[in-house]
Amino acid sequence: AAEMESQDAPESPGLHRGFICASFNQDTTSLSVGTKTGYRLFSVTAVDKLDCIHEGAECPDIYIVERLFSSSLVVVVSLSMPRRMNVYHFKKGTEICNYSYSNNILSVRLNRQRLVVCLEESIYIHNIRDMKLLKTLLNTPVNPSGLCALSVNQSNSYLAYPGSATMGEITIYDANNLSTVTLIQAHDSPLAALTFNASGSKLASASEKGTVIRVFSIPEGLKLFEFRRGMKRYVSISSLSFSADAQFLCASSNTETVHIFKLEQHSPSQDEESPTWSAYVGKMFTAASTYLPTHVSDMMHQDRAFATVRLNMFGLKNICALATIQKLPRLLAASSDGFLYIYNVDPQDGGECVLVQKHRYVFEQDEPEEEESPEDVGPQPASQSYAATVALPSTPPSSTTLIGYSEDGGAQKGEVIPEHELAESPICLDDENEFPPVSMLKGCRPLT
């Protein structure tokens, strides 16, 4: 799931003052938005309406909000307590549990098997069924943005994170078997974006330069594709996202253009009506690409995007995702101006995508009252900006600072997360035959 935070956006023109972060869920059926006053969950399964599924106002300044597929499980982190993760069952209005960590939480990733919490120099892997801490990866390379990706396919649960702070090395870790799988030398400069396809068989990456996007086979780490999104200027890639069938990959940045790449080898004669020998060879080359040695597959690059989206904004934070909505391929762009933009994508001819709908998801009431002073709920950051929160001094990781679980027993012995919330489909939010939530931990505030 792609995500976005408004780290340095307050000065940006068009930014909505109440906006803090946004993320799509694992299958792009839902949009989660963190605001100054709380968080919202929206359904994105129709083009002409954006239904608000839930609104949580228990805690202000939510800078991480992640929903597990279409279940009622949601994870939130607030700027007021940036080291604490709260796990809610929003349909029942209960808090399942909360955990505190040794430093600020920079990102959270989840599938039906694992919940991963990424700090600047450590990663915590929990079993999502009982929230037991399974593994702590200490002294990981400095990762100030909390960059990591988790395969949404729980049968493999691959985790990708930077293997170096100075080069574009990717560590692939098996979060199911708790072991390192491979290291990929992906780029010369540090990583800026990572994403898996739905099955966890491919990983796309971009570096801080933002000129080249590469796709690797997982778990082998062989380079399959290389896409060039521009040579003239370096850009900051803010999100990468595969389509559900992994035929397309979109990349958005701090520019006004979103690029959509097609994962196939183009031959010069592809557009001719009659099949030609070179077109045939091109198809054979595509079929063989998976098996070619790395130096040969280096040639599998495209210099032009298959399709593009021109956003009516420049310099604003945004995240994009490819989705099938009402049986047609669409590109969704959630921007820090408080709007979701929906574009049609032509899967045959590509080209410039057409804007078909625009929905507001952040409103004036999301801006907190100027006079209000928040309750004393813990250590306050020096400034209510995400960047300032991330810059708080760190303490050495220590398992003793983790509250609310025992090493052997998880959050509570027995089931914690209702079984149907982890089922593949269909999710039934009204099923009341559920396991009770974890008994309220110190500092918990149940949903109302």
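1. D337 is buried yet forms no salt bridge. K358 is the nearest side chain of opposite charge, and it sits 6.0 Å away. A salt bridge would need a side-chain nitrogen within 4 Å of a carboxyl oxygen. Keep in mind that this is a predicted model.

2. Where does D337 lie? D337 is in the loop between β28 (328-335) and β29 (339-344). A polar atom of the D337 side chain lies 3.0 Å from the backbone nitrogen of F339.

3. Strand β28 also pairs with β27. The two strands run antiparallel, joined by eight bridges. Within this pairing, I319 stands opposite A334 in β28. The hairpin of β27 and β28 has two residues between the strands. Q326 takes a positive phi there, near 50°.

4. Strand β27 covers residues 318-325. Seven of its eight residues are buried, so the strand is largely enclosed by the rest of the structure.

5. Now to S217. S217 belongs to strand β20 (residues 212-217). Is S217 buried or exposed? S217 has a relative accessible area of 7%, so it is buried; the cut-off for buried is under 20%.

6. The S217 side chain makes a polar contact of 3.1 Å with the side chain of E220. Which residues does S217 touch, leaving aside neighbours within four places in sequence? S217 is in contact with S201, L222 and L224. G200 is 17 residues from S217 along the chain, and their C-alpha atoms are separated by 9.0 Å.

Key:
Residues numbered from 1 in each chain as written. Predicted model: local features only at pLDDT ≥ 70, side-chain atom pairs only at ≥ 80, totals over all residues. Heavy atoms only, no water. Helix = DSSP H or I, 4+ residues; strand = E, 2+ residues; numbered from the N terminus. Buried < 20%, exposed > 50% of the residue type's maximum accessible area, 1.4 Å probe, protein only. Contact = heavy atoms within 4.5 Å. Polar contact = N/O pair within 3.5 Å; in protein donor to acceptor, adjacent residues only side chain to side chain. Lys, Arg positive; Asp, Glu negative; His and termini not counted. Pairing = 2+ DSSP bridges.
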